[in-house]
Amino acid sequence: MRESVTNAYDVIIVGAGPAGLCAAMYAGRGMLKAVTIERGAPGGELLNTDLIEDYIGFASIKGWDLAQKMSEHATKFGADIVTDTVERIRKADDGWFDVETARGKVYRAPAVILTAGGTPVKLGVPGEQEYAGKGVSYCAVCDGAFFKGELLAVVGGGDAAVEEADYLTRYASKVYIVHRRDRFRASKILQERALANPKIDVIWNKRVIEIKGTEKGTDQLVLEDTATRARSTLKVGGVFIFIGFKPNTSVVDGHVKHDAAGYLITDDRMMTSIPGLFAAGDVRSQLTRQITTAVGDATTAAIAVEKYLATVKEREKAGVVS
Ligand code: NAP
């Protein structure tokens, strides 16, 4: 049995990463009755990033520090951040959303801003699950310090892989970037920095097909050449996998328009194909996913929600259910 929440809200914000916190700050300033539901600590992916150097106004700031600043800023303007996991977002017959959580609560509002980010894509190879937390990691900042003086592998060729490989060299004796192609998709500046790092070696055109180890943890990778299919092994004490993120959109009950990779398609007000359901940040289909774009999306979404609520009120007054 789910417990009903007696208080209804103007807007429910799902997730408290940069987008969620920014939306909460704007909602607070807009005098909206808002709740932000976050399963972990506020900050989202900021908490998995060591140094941030591309958030304008902060030439260099620790992810944790920026998360703290954003959280304090949102709270200063009245953000109500609750710790719980959203399990389902469903539009009810009266046009309001029921947001159900793991703690058995149901939050209700005519508008929802989904800022739930994404979860790391898994390689899906033997050993990955078995050695997760025992040498297999998806977070360099969280786990890098466990690998002092060791040989490490990073899998992937995007911004995350190249940037985190560079970060990991502060602990590891060497970091191999294993990439399935002969060029990176990472931005030039990150590539140049990593390629100039003497502790980084790139292994091009290879796939990881198995992660092996002992009861102590991972100790080697089995690689396959993408052209010849020749197999080889690579001795490592740990492997960090950065092959992309999957947007956390599965909580939405009902069909919502998305792109081929599953990111939600919105209009220029950040509204999805479900009226009243807005999306901002890493869940949204767009060219790039940066902190700056996340907070930009969230600003638009929060302001658009204010305007949307005015139309809802008019419709409710007229007795129309959307
Ligand atoms: P991404 O840009 O999608 O890159 C994923 C990488 O993983 C690609 O190189 C891809 O190879 C590889 N890959 C995907 N599936 C694979 C598989 N099954 N086996 C082996 N390799 C696989 O993802 P991301 O690096 O996580 O970045 C996500 C977004 O966050 C991007 O928009 C990025 O710009 C942003 N980001 C920015 C920064 C920054 O600016 N400081 C830092 C981190 C992330 P292919 O290239 O062959 O497809």
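This is a predicted model: local features need pLDDT of at least 70, side-chain atom pairs count only at pLDDT 80 or more; totals for chains, interfaces and linings use all residues.

Guide: Residues are numbered from 1 along each chain as its sequence is written, and side-chain values use heavy atoms, with hydrogens and water left out.

Visitor: Why does the ligand lie between domain 1 and domain 2?

Guide: Domain bounds come from an automatic or database domain assignment. The ligand lies between the two because both give residues to its shell: domain 1 (3–120 + 245–317) and domain 2 (136–241).

Visitor: Which side chain has an N or O atom 2.5 Å from an oxygen atom of the ligand?

Guide: Polar contacts here are pairs of N or O atoms within 3.5 Å. Asp54 places a polar side-chain atom 3.3 Å from a ligand oxygen. Ala160 uses a backbone N or O atom, at 3.0 Å. The side chain at 2.5 Å belongs to Asp159.

Visitor: Which element gives the largest share of the lining of the second largest pocket?

Guide: A pocket is an open set of 1 Å grid points, over the protein atoms alone, where a 1.4 Å probe fits, with protein on both sides within 12 Å along at least five of seven lines; lining residues have an atom within 4 Å of a point. Among the lining residues are Leu66, Met70 and Val295. Helices are DSSP runs (H or I, at least four residues), numbered from the N terminus. Five lining residues, the largest share, come from α2.

Methods:
Helices (H or I, at least four residues) and strands (E, at least two) are DSSP runs, numbered from the N terminus. A polar contact is a pair of N or O atoms within 3.5 Å; within protein, one must be able to donate a hydrogen and the other to accept it, and residues adjacent in sequence count only if both atoms are side-chain atoms.
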